[in-house]
Amino acid sequence: MPPIKNYYDTARTTLLKYMPSNHLLAVAALSVGVVALAFMEEGSDSSNQLVESSNIPGLHFQGTETQATPIAVPAVESIIQEVAATPEPQRTVVIEPESPWKEFTIQNGDNLSIIFKRAGLNDRAIYELFSEAKDAKDLRNIRPGQKMSFLVENGQLQGLNYIIDDLNSLSFNRTTKGFDSKETALKPDVKHAFRYATIDSSLYMAGKRAGMPSNLTMELANIFGWDIDFALDIQKGDSFKVMYEEQFLNGKKIGTGKIMAAEFTNSGKTFKAVRYTDKDGVSNYYTPDGRGMHKAFLRTPIEFAKISSHFNLARKHPVLHIIRAHKGTDYAAVRGTPIRATGNGKIAFAGRKGAFGNCIVIQHGQGIETLYGHMNAFAKGMKTGARVTQGDVIGYVGSTGLASGPHLHYEFHVNGQVRNPVTVPLPKAMGIEKTELARFNETTRTMIAKLDDYKSTSRIAVAKSGNKNN
């Protein structure tokens with residue numbers, strides 16, 4: 001058996017190496033007290049036996065039959081002396097330098113003047129930035145939740161970073177020639193997600209139960225809105241399947257993209273759609289065989305609005321109380337409800353037009369013209385000569401002109417003749433051109449196959465149960 005002394009040496013070395021000195025001092029002092037207490041109790045035992053020093057190496061006692069007094073504890077004492085002589089290790093405290101950039105989160109009601117003031121700048125700094133950097137105009141579009149960072153030195157703006165969203169940012173930097181600007185656009189990783197639901201009350205609730213974002217539920221309705229009236233035709237037992245994009249940045253989900261393929265079954269009839277971007281970069285939805293899903297015109301300029309007055313050439317006017325032809329359809333809606341262009345075209349008139357009040361007239365080509373009356377206000381940029389795309393917001397519901405309440409008066413003209421907007425046959429949108437059909441089939445075949453494969457799987461069961469996870 002190795003000598004006891006070796007154990008003391010090993011213990012001393014280990015303690016000195018790994019335990020902080022203040023802890024060692026405390027342990028050593030406690031050890032002395034414990035040893036002393038132990039032998040004092042031993043000496044007072046009824047056996048009155050002496051503790052022989054030979055039984056405990058390194059400890060020597062002298063005393064009588066009734067008392068044992070420790071006179072030396074070399075091993076513990078040695079550790080105490082060695083700890084006391086050991087210098088405290090030097091600890092380096094690293095202090096991170098404070099960043100010269102100051103970041104602010106845009107709050108409700110904020111404007112550039114308020115934000116610049118928080119950063120210690122005045123409106124002159126805004127004027128200087130706007131006059132020297134052409135992209136500074138984008139700062140007018142700030143929204144709550146976005147972030148803006150400032151670098152200010154000696155009361156002067158040196159740099160500004162505007163975080164638009166997770167993928168896009170805009171930065172400005174002062175140079176000897178004024179401010180320069182730089183746009184940064186990160187490219188996310190895109191993955192496909194699938195959702196399925198059976199409708200038992202409404203499309204919205206079915207989409208919510210399946211864990212589909214509400215904006216995609218609306219997009220789904222827009223895709224199939226030409227074939228299905230989602231206000232009147234939806235029945236219990238209808239179902240849908242959707243394949244859409246999810247965007248990830250550094251492994252973190254940051255948002256959703258477009259619907260890539262979808263299927264909707266209504267009253268036992270199934271409709272399919274697939275998204276395709278043509279060689280010119282224009283994206284639309286088509287049937288799997290290349291026919292356009294959208295018609296050239298929307299049937300109504302307001303989503304899910306109630307018709308308050310139908311097309312009637314012998315109607316009695318509600319304000320004038322005389323028989324006066326009603327050459328359009330009235331849609332009752334809350335004041336300020338967005339009004340959308342029903343087709344692509346060019347604004348032929350935007351302004352005040354007699355009994356129609358604030359009015360816009362759009363020329364669509366092929367002899368077709370639409371009129372929108374009684375608007376409360378025009379949307380930004382809507383003026384004579386401006387071009388619009390189907391679905392663009394052109395104005396907001398009001399009661400200007402001769403109107404008894406807020407509503408939209410909508411007319412549809414073909415070759416100068418007024419037609420009933422509700423029943424007039426709408427021109428169909430063009431499908432895929434023959435020269436591009438091969439490219440279309442090659443691009444969309446895989447997406448349609450993936451959607452078809454997504455049937456009686458565990459994912460469908462999860463969607464039905466209401467689990468919102470992929």
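Residues are numbered from 1 along each chain as its sequence is written, and side-chain values use heavy atoms, with hydrogens and water left out. Because the model is predicted, local features need pLDDT of at least 70 and side-chain atom pairs count only at pLDDT 80 or more, while totals for chains, interfaces and linings use all residues.

**Salt bridges**

The structure contains eight salt bridges, a salt bridge being a side-chain nitrogen of Lys or Arg within 4 Å of a carboxyl oxygen of Asp or Glu. The table lists some of them.

| Pair | Closest N to O distance |
|---|---|
| R174 and E128 | 3.0 Å |
| E436 and R439 | 3.3 Å |

R174 and E128 form a salt bridge. R174 belongs to strand β6 (residues 168-175) and E128 to helix α5, so this pair ties together parts that are 46 residues apart in sequence. Helices (H or I, at least four residues) and strands (E, at least two) are DSSP runs, numbered from the N terminus.

R174 is buried at 19%, and E128 is partly exposed at 22%. R291 is exposed at 51%, whereas D289 is partly exposed at 48%. E436 is buried at 9%, and R439 is partly exposed at 38%.

A network of salt bridges links E263, K272 and D452.

**A buried lysine**

K241 sits in strand β9 (residues 239-249). Its side chain reaches the backbone oxygen of L451 at 3.1 Å and that of Y454 at 3.2 Å.

**Positive surface patch**

K134, K137, R140 and K380 make up a positive surface patch. Patches consist of residues with over 30% relative accessible area and no salt bridge, with like charges joined within 9 Å and nonpolar side chains (Val, Leu, Ile, Met, Phe, Trp, Tyr) within 5 Å. The place of a charge is taken as NZ of Lys, CZ of Arg, CG of Asp or CD of Glu. Within this patch, K134 lies in the loop between α5 (123-132) and β4 (147-153). K134 counts as exposed because its relative accessibility is 69%.

Terms used. A polar contact is a pair of N or O atoms within 3.5 Å; within protein, one must be able to donate a hydrogen and the other to accept it, and residues adjacent in sequence count only if both atoms are side-chain atoms. Accessible areas come from the Shrake-Rupley method with a 1.4 Å probe; for residues, only the protein chains shown count as cover. Lys and Arg count as positive and Asp and Glu as negative; His and the chain ends are not counted. Buried means under 20% relative accessible area, exposed over 50%, partly exposed in between (1.4 Å probe, protein chains only).
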